[in-house]
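Please keep the sequence and the structure in view while going through them.

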Amino acid sequence: ERGLLESSAHTLKAIQEIKMLSKGLGTAVIEKMGILDVIQNVISDIKGVYQIEIKFTHTEISDLNDKLSLNIYRIVQEQLNNIIKHAKATEVKIHLSQNKSGLTLTIRDNGVGFDTSKIYKGIGINNISNRAELYKGSANFISEPGNGCKLIVTFPIQRTYERDKENLKQHV
């Protein structure tokens with residue numbers, strides 16, 4: 001039992017450290033490093049503390065504004081936190097892809113899962129949904145008990161949005 005308590009204390013300390021590290025992470029760091037390297041860094045930090053396999057794949061990502069990049073990073077961080085705290089997962093796959101219509105972030109784990117029909121008022125899930133909506137995006141949690149969780153977050157590309165609005169104004 002003592003070992004379990006020490007292990008929990010270590011886990012809580014690590015989660016707090018990860019939160020502290022990333023709180024200091026602002027748009028300046030994202031601007032300098034880019035979204036892909038920043039995500040890779042948080043994965044390395046987590047793998048340094050937990051026995052969890054995290055694979056990160058992506059397409060070419062370009063023309064993201066720094067605030068959207070920071071927002072995507074925060075979603076990755078929040079979901080990894082959820083996975084560490086609740087999922088008991090051993091494997092996580094993160095995929096970030098961009099095409100003409102927008103950006104899609106998928107985070108899948110092989111953890112315990114949860115019943116999505118029950119309304120979870122957890123701060124983590126709400127944070128992720130709110131962050132997605134901030135940029136006219138959406139967040140969908142696909143999960144069931146015993147079957148892991150898949151989070152799919154989609155964002156329309158802002159730039160196209162702005163250009164389309166301008167074009168509409170000119171044609172009116």
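In which sense do β3 and β5 pair, and over how many bridges?

1. β3 and β5 pair in the antiparallel sense, over 8 bridges. Two strands are said to pair if DSSP finds at least two bridges between them. Strands (E, at least two residues) and helices (H or I, at least four residues) are DSSP runs, numbered from the N terminus. Within this pairing, R108 has K150 of β5 as its bridge partner.

2. Some remarks on the source are needed here. This is a predicted model, in which local features need pLDDT of at least 70 and side-chain atom pairs count only at pLDDT 80 or more, while totals for chains, interfaces and linings use all residues. Residues are numbered from 1 along each chain as its sequence is written, and side-chain values use heavy atoms, with hydrogens and water left out.

3. Strand β2 (residues 91-99) also pairs with β3, in the antiparallel sense and over 8 bridges. A hairpin of 2 residues joins β2 to β3.

4. Is strand β3 (residues 102-109) mostly covered or mostly uncovered? Of its 8 residues, 6 are buried, and the strand is thus mostly covered. Buried means under 20% relative accessible area, exposed over 50%, and partly exposed in between (1.4 Å probe, protein chains only).

5. Aromatic rings deserve a separate point. A pair of such rings is described by the distance of the centres and the angle of the planes. Rings of Phe, Tyr and Trp (its six-membered ring) pair if their centres lie within 6.5 Å; planes under 30 degrees apart count as stacked, over 60 as edge-to-face and the rest as tilted. By this rule the model has 1 aromatic pair. Y135 and F155 form it in the edge-to-face manner, at 6.5 Å centre to centre and with 80° between the planes. The pair links distant parts of the chain, 20 residues apart: Y135 lies in the loop between α5 (123-134) and β4 (138-143), and F155 in strand β5 (residues 149-156). Both Y135 and F155 are buried.

6. K136 is partly exposed, at a relative accessible area of 46%.

7. K88 is another residue other than glycine with a positive phi, near 55°. K88 is placed in the loop between α4 (66-87) and β2. K88 counts as exposed because its relative accessibility is 69%.
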